[in-house]
Amino acid sequence: VQLQASGGGLVQAGGSLRLSCAVSRSIFYFGTVGWYRQAPGKQREFVARITPDGSANYADSVKGRFTISTDNADNRMNLQMNSLKPEDTAVYYCNGRRGLVDVWGQGTQVTVSS
């Protein structure tokens, strides 16, 4: 199983970006799919997660600004990021979790300028 993230880039504070993650097989293969991020010098942290039936949860730092969704027919998950802040700058990784096994995408850079 492979995950391929895309959609990162450079944006000004207050702007928006949409990340996408293509999954090489059905989203339903995983119990949950989600996004994590890692800023320079920091540990990777949870951003958002969703189950195939649409139940989502978010880190407090992004709640109300980010929205995670899946396109089950196209085997994709997306992260709509609005009202971006400089502290959102990080490499964003998509993740699929099946039982105790995590599968990671390659990461996409998001840079928010002040």
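A salt bridge is a side-chain nitrogen of Lys or Arg within 4 Å of a carboxyl oxygen of Asp or Glu. The views below come from a predicted model, in which local features need pLDDT of at least 70, side-chain atom pairs count only at pLDDT 80 or more, and totals for chains, interfaces and linings use all residues. Residues are numbered from 1 along each chain as its sequence is written, and side-chain values use heavy atoms, with hydrogens and water left out.

**View 1. The salt bridge between D102 and R97.** The closest N and O atoms of D102 and R97 are 2.8 Å apart. D102 is partly exposed because its relative accessibility is 33%. R97 is partly exposed too, at 28%. On this scale, buried means under 20% relative accessible area, exposed means over 50%, and partly exposed lies in between (1.4 Å probe, protein chains only). The structure holds six salt bridges.

**View 2. The salt bridge between R37 and D88.** Here the closest N and O atoms are 2.9 Å apart. The pair links distant parts of the chain, 51 residues apart. R37 sits in strand β4 (residues 32-38), and D88 in the loop between β8 and β9. Strands (E, at least two residues) and helices (H or I, at least four) are DSSP runs, numbered from the N terminus. Both R37 and D88 are buried. A network of salt bridges links R37, E45, R65 and D88.

**View 3. R76 and its surroundings.** R76 lies in strand β8 (residues 76-81). It forms a salt bridge with D74, with the closest N and O atoms 3.4 Å apart. R76 counts as partly exposed because its relative accessible area is 28%. D74, at 44%, is also partly exposed. Beyond neighbours within four places in sequence, R76 is in contact (heavy atoms within 4.5 Å) with S20, C21, A22, I27, S69, T70 and D71. G14 is 62 residues from R76 along the chain, and their C-alpha atoms are separated by 26 Å.

**View 4. T89 in a loop.** T89 is found in the loop between β8 and β9 (90-98). A polar atom of the T89 side chain lies 2.9 Å from the backbone oxygen of P86. For the backbone nitrogen of V112, the distance to a polar atom of this side chain is 2.9 Å. Not counting residues up to four places away in sequence, T89 touches A39, Q109, V110, T111 and V112.

**View 5. T108 in strand β11.** This strand spans residues 108-113. Is T108 buried or exposed? T108 counts as buried because its relative accessibility is 11%. Its side chain reaches the backbone nitrogen of G8 at 3.1 Å. Residues up to four places away in sequence aside, T108 touches A5, S6, G7, G8, L19, A90, V91 and Y92.

**View 6. The largest nonpolar core.** A nonpolar core is a set of buried Ala, Val, Leu, Ile, Met, Phe, Trp, Tyr and Cys residues joined through side-chain atoms within 4.5 Å. The largest one has 29 residues. L3, W35, V47, F66, L79, M81 and Y92 have the most contacts inside it. At least two core residues come from each of β1 (3-6), β3 (17-23), β4, β5 (45-50), β7 (66-71), β8, β9 and β11. β3 gives the most, with four residues. Among the residues that L79 touches, beyond four places in sequence, are L17, L19, W35, V47, F66 and Y92. In soluble globular proteins, nonpolar side chains tend to be buried together.

Definitions and conventions
Polar contact = N/O pair within 3.5 Å; in protein donor to acceptor, adjacent residues only side chain to side chain.
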